[in-house]
Structure formats: C-alpha cells, structure tokens
Amino acid sequence: MSINLISADNISLQLAERQIISNLSFGVSEGEKIALIGRNGVGKSTLMKIMAGILQPDSGQLAQKKDIRVTYLPQESNFDQYETIYDAFCDLGGKQIKLVLDYKALLMEEEPDLDLLEKWTTEIDESKSWDIETRAEQILSKLGLNDTSQKIKSLSGGQKKRLSLAIMVITEPDLMLLDEPTNHLDLEIIEWLEDYISTSRTSLVMVTHDRYFLDKICNKILELDQGTIFSYTGNYAYFLEKRMERWEQQALSVQKAKNLYTKELDWIRRQPKARGTKAQYRVDAFEQIKDKAHQKLDVAKLELSGETSRQGNKVIEVENVFKSYPDKKILNDFTYFFKKKDRIGIIGANGVGKSSFLNMITGSVKPDSGRIDRGLTTQIGYYTQLTSSLNPENRVIEEVKEIAEYVKINEKETISIGKFLEKFLFPSTMHFTPIHLLSGGEKRRLQLLKILVKNPNFLILDEPTNDLDIDTLNVLENYLAAFDGSLIIVSHDRYFMDQLCEHLFIFEGDGVIKDFPGNYTDYREELENSKTTSISAKKSEANSSSKAPAIAPKEVKKLSYKEQKEYQDLEISIQKSEERRDKITLQMSVSNLSHADLTSFGKEINDLNAQIETMSMRWLELGESI
C-alpha cells in the first residue's frame, strides 16, 4: 500500500480579485512522478507554492506526512541573499555539505591546521559523509559550477537554475516540486536531469511544457481544467487519449441535457405560474438540467493565422562575419545565405553566443568584420525571452492597439484587434485586465501576438516554449509548420525542434558553428553513432598497442602525501564496495523478496558498479605514478 505524502482537501485561494484555486482535492503518494498540466493562468504555479508551504489556502486543508523532506524548485531561482555559490550551497545543501567543503578547502592550504583537519576527518567519518563530498564534486562539475567562489550576482539565469538543481540533488528529498525545471537549461543538462529523475526513487510533482521530458519521467497526470482536477494514471500519450475521450463524453452529456432541457422548458411554461401547483421534484430537476445544458465546454483552442509580408529573392546574407568579446569568440569567419522558408534550429551550451548571433541578424549588434545584408522586403519578427517590452500598467487591448486597430488575416479578410485577441485565448472578459495581473504564460502569449500583428516574413524565436502551456504549443507548432516565411528557433524543447526544424546551427564554442542537415533527434543519433565508433576505435588501438614491442616508460611525477593516502584509501573503498555488491547479489537470490526489495537492491548494485568503476579508474591513474 502506497503512503500519502501530501493530501489536499477542498483548498481554495484568491489573489487580488481573481479566484485562482477553488475547492481542489488530490493526493501525492510515495513513488509517484506526477505532471501537473493545464492552460496558462489556471493556477498551476500557485498550486505548487501551496504544496511547498509558500502560500496558504484561504480555505480547505493541506496535510503533509511528518518528517518528509520537500524541495521546491521555482521557475526563477533567487539567491540574492548569498555572496557566492559556496555560501548558497553550504547553507541550503545541509551541514554535511558545509563540513566536507570546508575540509576540502583546508586541504588545499599550503600549511593546513592539522588539529582541525583531524577533527573534521573524525566528524566526517562519524556522519558517514565521505560519499557526499564525491557526489557534491560530481554534481557541481556536471552542472558547470566547479568554481564555488563565483559571485552570485555574476550568474546567469541558467547558472542559477543549475545551482538550484545541484542543491536539490545533493539533499535527496522525499518529494520534489519542480516548476518548469527545464527553463534556461541547455540540452545536455536537460538530458542529464531527465536521466537522474527517471532513475531516482524520489516522488515528484512538476509543471513542464517539455513533452519528451514529461513522457519519459511521469507515471501520472493531474490536469487542472474548469476549476477541477482530473487524474490519469499513465504517461503523456495515455493522457492525451483519455482526455479526448472525456471531452467527447462531456460534449455528449451536455447535448443530451440540452435536448431534455428543451422538453422540460416546454412543460414548465405550460404549467400554472404558482410554483406550489407544480411537482416540486420536477422543478428542482429542471434547474439541474438547465445548469448542465448551459455548461460551457472549455475546449477552445488557440487559433493562429495571418498573412506574411511578401518576400523577395534576397532574404538575409551573412558573409565572412567575425565577432568576439574580450572573454569569448562568437563567430569566426561565418557565412550563410538565408533562403525563403528556411527552418533553422540553433543549439549550443549556455553562454556560447546564440543570443549575440540573433542580435547581429536583427541589426542591434554589429559584427567586428564581414557583412550582414537584409533584403529590402525582409520583415523580421523577433520573439525574445524577455517580456519587459510589455507595459505592466496597460490593459491587454491597449497594449495591442498601440500597434494596430485591425489585423489582415488574408487578402479577403481583416478582423479587429478584439477578435484577434480572442483567437489568442484572450476572451472579451480579459481585454481590460491590467497586464501586471496576467500569468507568465499569458504575458508570453500576448508578446507573441504583438509580433504576429505586424505580419513578419522572417521569424526569430528565442526560447518560445518557456511558460507556454502544452495546448498552446501544439497549435503554435501547427501555425509555424504552415508559416510561409523563414524561421530561426533557439530552443531547449527537443520535441518543438524536431517538429519544425530541417537543419541545425550547432554552436560548438570558440566561434565554431556547424551546419547539420536534420532535426535534433537526427543529431543525437549521429552523436551516439560517433561515440560508439570512437569507443570501437580506441579498443582496436588498445589491442594493437598490447601486441606492439615494449618502449621505454615515460618519466612520471612522484605522488604527493595526499595522493599516496588517496591511493591507499581507494584500495580499501573498492574492496568494501565489492564486498557489499557480492552480499546484495547473494541476498537477491532469496526467493521470498518483495518486488520493491528487488528493485531497491538492483538500483544499489548499479550505483555500486558505477562507484567501483570510478574509483578503479582513479586508482589505476594514481598507480601509474608509483
């Protein structure tokens, strides 16, 4: 029987004048990995904050299992109260982390305090924290945070998100609450996080628009719709199938109610006016039928359509362009002539210059040398990661009317801005809502609308999927698939890239850009094939060298005292890990073990094998110097 970690009973919350959550009841059980899905503005992030204890509901109860560790990862990470990565990691990662990091810093000193070193060694031994030191180093290294003295104020949004992830992983919580965990992360880190979460036994509730990420990790979907939570046990593909069935059944039920309503309305009108002379039970039933017959089926879809400006033969020409900053090189003799209906995806690690490249295309940043020429008819629409272009005091309709009163849909049809807003899922009741009251996703949708109103024929989308709900993304993909102009997309959303991009610009760093023919999945497959080929080549080389005549050994450096001790400690650790692995293997041969025990033991054996391999490689490396 699964254990309930969190139970919500009829919780409600109103913020400002807007009812965000209303009488919701649900539970999160041990071992569940749940995706929270719903349109922008339905209250997903608010619900996550309630579960994290940041917000308190106006009514209802939220119960949490005693002594569980809950980690909340917000959309935007804030470490402003800390000076360095080290400070944040020590404070939020727990006492054991601080102890091992202080111990490591002391070891690096030329003349360490031996008494303090001995004291901390004893404390680490007693708290069994040696493994945490290794894990902390591996995690920080994997997430590109090796320099723990780096100032918090110098970190980018992506680096802050990675620091949040490092703290979350090292604390090993019982329940993770993740709000858009893939935002601001590059693709390599997303795939690492995906592997970590899918193999972890930690329970999970997350809000995400990344459909590959969601489908691989989650075993349950909670959908927020029309003020109600609908639960689906299964992955995202299963959810889509069952939701469609629910919509069809709901539509059929409403249609039946409408038919019955028409019949009962006729009966009500034919009866005497005095209510007491009518059958009261039938009058009450009529009121219920009336409510159901007039139920609004909220299955509206975002409808995007519009005419693109005419595009001439010359689109944008980039020739022999160089660009660098004091700390990095962006472009090194780059040439590309954009064509009509080009569909280019841009990928690369954070900080390699993707946004700088886009700014050069739009003309807001000048190259050091070379030329970038835009065709006379090329009209660029640039959708950035920032919503700062929106005036928070404006009403929704005022913000768009500053651009145009009417929008040309095609040669024959022109519609008002109000109608165009409705196509973007801004009903007339929201037209006069101040922008500062919109959710993050609603602001992003409004920003996109402002760009499309101008009918561009060259669209540049920088992380367009951030904060947009999945239904909106599906329709946006359909619109872009039919878009008649050129398209550049920078995105960490692998599904989005696969659907829309025909070739990739891969920013490899130091000004190198590779033009790859294919989508993201094609690129990943090529990388895996290259890796397999490389490993085979190394094995062949190793076999050949083993048969080659002996050569004079290279001079090697002597080991320091610390390295000699590390070498001896590794021998002991490897032996202990192998003994533990053998003991577990013997236990697994017992036939009366539960499925949960077998799963747990299997996971531990995999972890031990990985540790043994890592320690053995280091032991061999040190051994070469003896």
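The legends below describe close-up views of a predicted model.

View 1. The strands lie in the order 11-10-13 and pair in an antiparallel way. Strand 11 (328–337) and strand 13 (369–374) are the edge strands, each pairing on one side only. On average, and with direction ignored, neighbouring strands of this sheet are turned by 25 degrees against each other. Strands of a sheet pair through backbone hydrogen bonds, and the pairing can be parallel or antiparallel.

**View 2. Strand 10 beside strand 13.** Strand 10 covers residues 316–325 and is joined to strand 13 by 5 bridges. The two strands run antiparallel. Within this pairing, Val-318 stands opposite Ile-372 of strand 13.

**View 3. Asp-67 in a loop.** The loop that holds Asp-67 lies between strand 4 (59–64) and strand 5 (70–73). Phi of Asp-67 is near 70 degrees, which is a positive value in a residue other than glycine. Asp-67 has a relative accessibility of 69%, and because exposed means over 50%, Asp-67 counts as exposed.

**View 4. Lys-341 in a loop.** Lys-341 is found in the loop between strand 11 and strand 12 (343–348). Its phi is near 60 degrees, again a positive value in a residue other than glycine. The relative accessibility of Lys-341 is 48%, so Lys-341 counts as partly exposed.

**View 5. Aromatic pairs.** A pair of aromatic rings is described by the distance of the centres and the angle of the planes. The structure holds 15 aromatic pairs. One of them is formed by Trp-192 and Tyr-196, whose ring centres are 6.0 Å apart and whose planes meet at 15 degrees, so this pair is stacked. Trp-192 and Tyr-196 are separated by about one helical turn because they are 4 residues apart in helix 7 (residues 187–199). Both Trp-192 and Tyr-196 are buried. Tyr-232 and Phe-239 form an edge-to-face pair, with 5.1 Å from centre to centre and 80 degrees between the planes. Tyr-232 and Phe-239 are both buried.

**View 6. A cluster of aromatic rings.** Which residues do ring pairs link into a cluster? They are Phe-334, Tyr-336, Phe-338, Phe-357, Phe-458, Phe-505 and Phe-507.

**View 7. A charge over a ring.** The charged end of Arg-445 sits over the ring of Phe-426. The distance from this charged end to the centre of the Phe-426 ring is 5.0 Å.

Definitions and conventions. Residues are numbered from 1 along each chain as its sequence is written. This is a predicted model: local features need pLDDT of at least 70, side-chain atom pairs count only at pLDDT 80 or more; totals for chains, interfaces and linings use all residues. Side-chain values use heavy atoms; hydrogens and water are left out. Two strands pair if DSSP finds at least two bridges between them. Axes are lines fitted to C-alpha atoms, for helices over the stretch in contact, and angles run from 0 to 180 degrees between N-to-C directions. Buried means under 20% relative accessible area, exposed over 50%, partly exposed in between (1.4 Å probe, protein chains only). Rings of Phe, Tyr and Trp (its six-membered ring) pair if their centres lie within 6.5 Å; planes under 30 degrees apart count as stacked, over 60 as edge-to-face and the rest as tilted. A charge sits over a ring if NZ of Lys or CZ of Arg is within 6 Å of the ring centre and within 35 degrees of the ring normal.
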